[in-house]
Amino acid sequence: MSLSRRLFTLMLLVLLGFSLGIFFIQVNNTRDALAERQRVELSNLAQSLSLALVPHVELGDAASAEALIRATVDGGHVRDARLESVAIATPIAFNVVRESLAPQWFRDLIPMPVESASRELPGGWASLGTISLTGESAQGYDQLWQLAKRLALWLLLGGLITLLIASLVMRRLLRPLERLSSRLNEMETQRFDAPLEETSVAELKGITSAVNRLGQRLQTQFEAQAAQLARLQRQAEEDSVSGLGNRGYLNRAVDEWLSEPMGGSFALLRVSHIEVVYREQGYKGRDALVKAIARKLEDRELAGEAIIAARLANSDFGLLLPETDETRLQEFLTLLAEDIDNLLDANPLVDTPPENCALGAVRREPGMQRTQMYAVADATLRHAIEQGSGVELAPAGGRARPRGEWREIIEKALDSPKGLDFVAQPVLLNDGGELHRELFARLRDGDELHRAGDFLPVIRHFRMGAQFDLRALEWLASYIDRIEVPRLALNLTEETFDDEARYIGLLNWLAAHPRLCKRLDIEVSESIALRHQERIKMLFRHARRLGARGGIDRFARELKELSYLSALRPDYVKIDQAFFKREDVDTELLQSLCMTAHQVESQVIVTRVESEADQERAMSLGADGYQGFVSPAVDVMARLANPAEDMPR
C-alpha cells in the first residue's frame, strides 16, 4: 500500500473514531437529559394528582377520580398509573401504550431508563391513599432518534468534506515524494540523466539532491563503462590506421550475417596505389590515404543502410553490403570505384597516374560459407584486375530462385490463412529455466515448406517487412490459446519502423491484444535500435505496460559506444557465440559486454551455441542464457502438424 493511501486510511480511521465518539457522547448526554426531565415531570405530575384527587377519594367517587387521572396523564410521559385508597374498594390502574418511531436496533443500542414517581394523598392525620406513576420511554426515544439522525448526517458530511480537503492537501504535499519515487523507478527502467526539480518540502530537499547526485553518478559510470567497452572492442576489432574494422571483425560480421536469414553481397576492394604512396611518401602519406579511403567507405549507404567495411591488408578492404538488386549493386560499386579513383587523382604529390582501384563482389547464395565467399570474391577481384574492368560481379551459381517468383510465393502465402507456419527454438537460462521460445517463420507453398533464410531477403528487398510482421502477429493472436509455451519471441523487421503510420498501427494492434502481449517478447536488431532509437524506446515502454518484454538481437555488432542501452533498457540482449569463441578477443572485453548489459538489468543470451563447451565458456564470462543447436527448434505446438486440418474456424 502506498504512503498516501496509508495516510488517507489512517486519517479516515481517526476521523471515524472521532465522529463515533462525538456521536455517542452527544446521544448519551441527550438521553440523560431526557431521563432527568422525565423524572422531574413525573414527580410534579404525581404531586399535582395527589392534591387534586383528595376530594374525590374522600367521597369515594372512583369514577371521578379515574376521569381526573386520565385527563391529567393524557399526552404526557406516563405509561402506567395506579391509585390505591381505603375509600375505594378496587384500585384504579391503567396503562397508555404508545409505539416509538425509533428502530429496535437503536433502542437496543441506547437503552432509555424508565422513571417512576409515587405520592400519598393527604387526609389530615392519616393518608387517604397512594398515587403511583411510571414513565413512558417512546417519546424520549423519538426525540433521541431525531437528534441521532441529524447528528450522523452532519458528521458524515463534515467527514467527507474534511477527507476531500485532506486528500487534496496530502496530494500536494506528497507530490515531491511521488516524483522521487517515479524518478527512482526511472533510474531502474529508463534513463537517469535528467535531474529532478527541487522541492519546497524541507524534509525532502536532501533526498532530492541525493537522488540527483546518484542519478548523475550512475549515468556517468554507465557512460564510462560503455566507453571503456567501446575502446576494448576497438582494440580487438579495429584497424589502428583506418579506424575501420580489422580482419577479425569482418570474419565475425560475415559469420553472423551468414547465420541469419538475410540477403546481400560481399566485395573485396583493392587499392594498389597505397603501396606506391608508401614507397614514395613513407608511412605518413600512406596512412593519410588509407584514412581518406576509410572515410569514403564509412559515409557510404546502399538501399538506405550503411555498409560494413574492414581493412584486411595494406591495400585490401572487405565490404559487407545489404540486399539490393543486381543493377543497383553494380551502379553502387562503379560509383564507389570512381570516388576512390578521384581521391587518388587528387593527390598532388603523385608524378605518374595512379593505378585504378579494383572491386570484386559476390552475391550471397543459400548454403554459402565464409571461406567459399572469400575465395569467390578474391577470384572475381583478380579477374577484374586482369581484364582491367575495375569492377566485376561474380556470376550467380544458378541455385537461387528468381526474386519475381519468390515474390509471388510470398504474397500468396501472406494472403492465405494456411500460408504461414512457425517453429520455435527454446532460449534456456543458466538455472535451467526457459526465457522464451524464439519464433522462426516458414512459408507453405503447396506441400513444400520454405525456411526463413530463403524468403526473408526477398521480403526485405521488396520492403514487405511490415506486412509480414503484422501477418505473423495475427497468426499468433489466432493460436495463442492453443500454444502451451509460456512465452514466445518475435523478431520485427525494419520496415515496421520506417513508416510512422505502420509504427502507430503496431502500437494500436498490441494495445488491442493484451492477452497476446502478456506472453510475447518483441525483438529488434541492434542496427534497427540505433536507427530508430526513439521509436524503439516508445515501443518497449508500451509493450511493458501490456506485459510484454523487449530485447535487442545481434548485440555489440557495431563498433560504437553502447550508451543507447541506458535509453532503451531492454529486458535481454542476444550476442552471437562467435564473439565469445574467438581466441583473438580479450576475455576482459567479453566480461565488460556482460557487465554493461547487466548494469541496465538486461539479461545476456548467447546465440548459435553449438556445443556444451561453447555454452560453458559463455556462462563463465557472465552470460545468463544460451540458444542454439544444443536446444533445437521444434514446432510451436504438435497439433499444428497438419495445418490444413487445424486452422481456426
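The following exercises, with worked solutions, concern a predicted model.

**Exercise 1.** Determine how the axes of helix α11 and helix α12 are oriented relative to each other, and which residues make the contact.

*Solution.* 
Step 1. Helix α11 spans residues 403–415 and helix α12 spans residues 452–461.
Step 2. The two axes come within 10 Å and cross at roughly 95 degrees.
Step 3. Angles of 65 to 115 degrees count as roughly perpendicular; α11 and α12 are therefore roughly perpendicular to each other.
Step 4. On the α11 side, the contact is made by R403, W406, R407 and I410. On the α12 side, D454, F455, V458, I459 and H461 take part.
Step 5. Sorted by class, the contact of α11 with α12 comprises 5 nonpolar, 1 polar and 3 charged residues.

**Exercise 2.** Locate S389, classify its accessibility, and give its separation from L359 in sequence and in space.

*Solution.* 
Step 1. S389 belongs to the loop between α10 (370–387) and β11 (391–393).
Step 2. The relative accessibility of S389 is 42%, so S389 counts as partly exposed.
Step 3. In sequence, S389 and L359 are 30 residues apart. In space, their C-alpha to C-alpha distance is 9.1 Å.

Terms used
Residues numbered from 1 in each chain as written. Predicted model: local features only at pLDDT ≥ 70, side-chain atom pairs only at ≥ 80, totals over all residues. Heavy atoms only, no water. Axes fitted to C-alpha atoms, helices over the stretch in contact; angles between N-to-C directions. Helix = DSSP H or I, 4+ residues; strand = E, 2+ residues; numbered from the N terminus. Parallel < 35°, antiparallel > 145°, perpendicular 65-115°, else oblique. Contact = heavy atoms within 4.5 Å. Nonpolar A, V, L, I, M, F, W, Y, C, P; charged D, E, K, R; others polar. Buried < 20%, exposed > 50% of the residue type's maximum accessible area, 1.4 Å probe, protein only.
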